[in-house]
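Here's a quick briefing to read with the model open. Take a look at the structure first, then work through the notes by topic.

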Amino acid sequence: MGCSVCSDKVVMSGFCKVHFLDYFEKKVEDTISRFGLLDKDDRVCVAVSGGKDSVVLLYLLNKFGYDVSALAIDEGIEGYRSETLDFLRVFCSSYGVPLVIKSFKDETGRDLDDMPSHGSMCNACGTFRRFMLNKYSQGFDKVATGHNLDDEAQAVLMNLFKAQLDLFDRQGPITRESDGFTRKIKPLYYLREKEILAFAFLKGFDVPFVECPFARLSFRSKVRDFINSAEVINPGVKDNIISTFLDLKISNDSPVVTGTCEVCSFPSEGNICRACRLKETF
Amino acid sequence: MKVFVERDKSWKELEFSGTCESLLELLGVNSEEVLVIKNNELVSLDEVCEGDDELKLLSVVSGG
């Protein structure tokens, strides 16, 4: 069976090379439009890691004519982040996109490698990354992340398995307006990881393949393996997780109540935010 | 046939003739986790690979 548009050889998602690229870009545009992710004059801070998702996201938002700047967070993981940051500097320069890099070391006094693990480095990493993304995107209208369909399906199940239903508020194509938080959008929300890598490959983005040394130990990696196995047996699992989640989220939406951290003055669920509580353990 | 598995950064040499999908099954690789590049071209899972074809299995899973 050939491409659903032109009958040429299929490479991905039922399309030939040319029509896959068209389909991909249109899907991002549709997601932006359908969920009202961006206004034309929004200033967008694009959270970039140098991986395929954020690079593709940055490329497309820039191509679509949005006012974009790139923000990268250096966690200070030896043998991991430096290669992607080098790639990012060249990539952003070639497209004329300003790039700001902030580090855990400058923010907290420590690289992630030097932080106490408390069982999992992912907890500390995620906490400080989210804190810094919010802090350094203040003044922008939106912060865009490269989260994709696979990421979101994994997150839905992870939060369900851990009974962390309050974290569902982070999920979805766009977060609610909330004082002190830059509104977060996910334009790649309905695209699969495979599709994103295919797009990057076909566009000739030579994104370095690097894997966080902590990744294979993580709970997320186990959930990912589980979902991917289920998807092979029963295609459509990922789509079903997302569509069911969105139906439930819409019908149960309630305002998020946050206070202000006594230490850093950023939003906090308690008197002291998670980032500051973690720093106290150093 | 030479097959490069990006996630392991390793090359394998094997005799094989069949679809990419069946090759992945033989190698124990989940098709959701790789892109198949045959002779530097992106191909779908039902592409036939054989003989002197060079395959790269690019890892979809990366980063953190």
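Which side chain does A:Glu107 meet in a salt bridge? The partner is A:Lys135, with an N to O distance of 2.7 Å. Keep in mind that this is a predicted model. The notes below start with the charged pairs, then move on to the interface, the strands of chain B and a surface patch.

**Salt bridges within a chain**

- Searching the whole structure over all chains turns up 21 salt bridges.
- The A:Glu107–A:Lys135 pair links distant parts of the chain, 28 residues apart: A:Glu107 sits in helix α4 (residues 104-108) of chain A, and A:Lys135 in helix α5 (residues 121-136) of chain A.
- Are the two ends buried or partly exposed? A:Glu107 counts as buried because its relative accessibility is 15%, under the 20% cut-off, while A:Lys135, at 28%, counts as partly exposed.
- Over in chain B, the side chains of B:Asp53 and B:Lys38 meet in a salt bridge at 4.0 Å, N to O.
- B:Asp53 is in the loop between β6 (48-50) and β7 (54-59) of chain B and B:Lys38 is in strand β4 of chain B, so this pair ties together parts that are 15 residues apart in sequence.
- Both ends of that pair count as buried: B:Asp53 has 13% relative accessibility, and B:Lys38 has 14%.

**The interface between chains A and B**

- On the contact count, 27 residues of chain A touch 24 residues of chain B.
- Interface size is often quoted as the accessible area lost when the parts come together.
- Here the area buried between chain A and chain B is about 2,200 Å², with carbon and sulfur atoms giving 55% of it.
- On the chain A side, A:Lys194, A:Phe201 and A:Phe209 lose the most area to chain B, together 31% of what that side buries.
- There are 4 salt bridges between chain A and chain B.
- In one of them, the side chains of A:Lys238 and B:Glu32 meet at 2.6 Å, N to O.
- A:Lys238 belongs to helix α9 (residues 237-251) of chain A and B:Glu32 to the loop between α1 (20-27) and β4 (34-38) of chain B, so the pair joins two chains.
- A:Lys238 is buried, at a relative accessible area of 1%, and B:Glu32 is buried too, at 16%.
- B:Glu32 also meets A:Arg192 in a salt bridge, at 3.9 Å, N to O.
- These residues are part of a salt-bridge network that links A:Asp150, A:Arg192, A:Glu231, A:Lys238, A:Asp239 and B:Glu32.

**Strand pairing in chain B**

- Strands β1 (residues 2-5) and β2 (residues 10-13) of chain B run antiparallel, joined by 4 bridges.
- B:Phe4 stands opposite B:Trp11 in β2(B).
- The hairpin of these strands, β1(B) and β2(B), has 4 residues between them, and B:Lys9 takes a positive phi near 55° there.
- β1(B) is also joined to β7(B) by 4 bridges, and that pair runs parallel.
- In β7(B), B:Glu54 stands opposite B:Lys2.

**A nonpolar surface patch on chain A**

- A:Leu160, A:Phe161, A:Leu165, A:Phe219 and A:Phe226 form a nonpolar patch on the surface, with about 510 Å² of accessible area together.
- Helices α6 (149-161) and α8 (219-233) of chain A are the elements that give two or more residues to the patch.
- A:Phe161, found in helix α6 of chain A, counts as partly exposed at 48% relative accessibility.

How values were computed: Residues numbered from 1 in each chain as written. Chains lettered and ligands numbered in written order. Predicted model: local features only at pLDDT ≥ 70, side-chain atom pairs only at ≥ 80, totals over all residues. Heavy atoms only, no water. Patch = residues over 30% accessible without salt bridge, like charges linked within 9 Å, V, L, I, M, F, W, Y side chains within 5 Å. Areas by Shrake-Rupley, 256 points an atom, 1.4 Å probe, with all protein chains shown as cover. Buried < 20%, exposed > 50% of the residue type's maximum accessible area, 1.4 Å probe, protein only. Pairing = 2+ DSSP bridges. Contact = heavy atoms within 4.5 Å. Buried area = accessible area lost by both parts, 1.4 Å probe.
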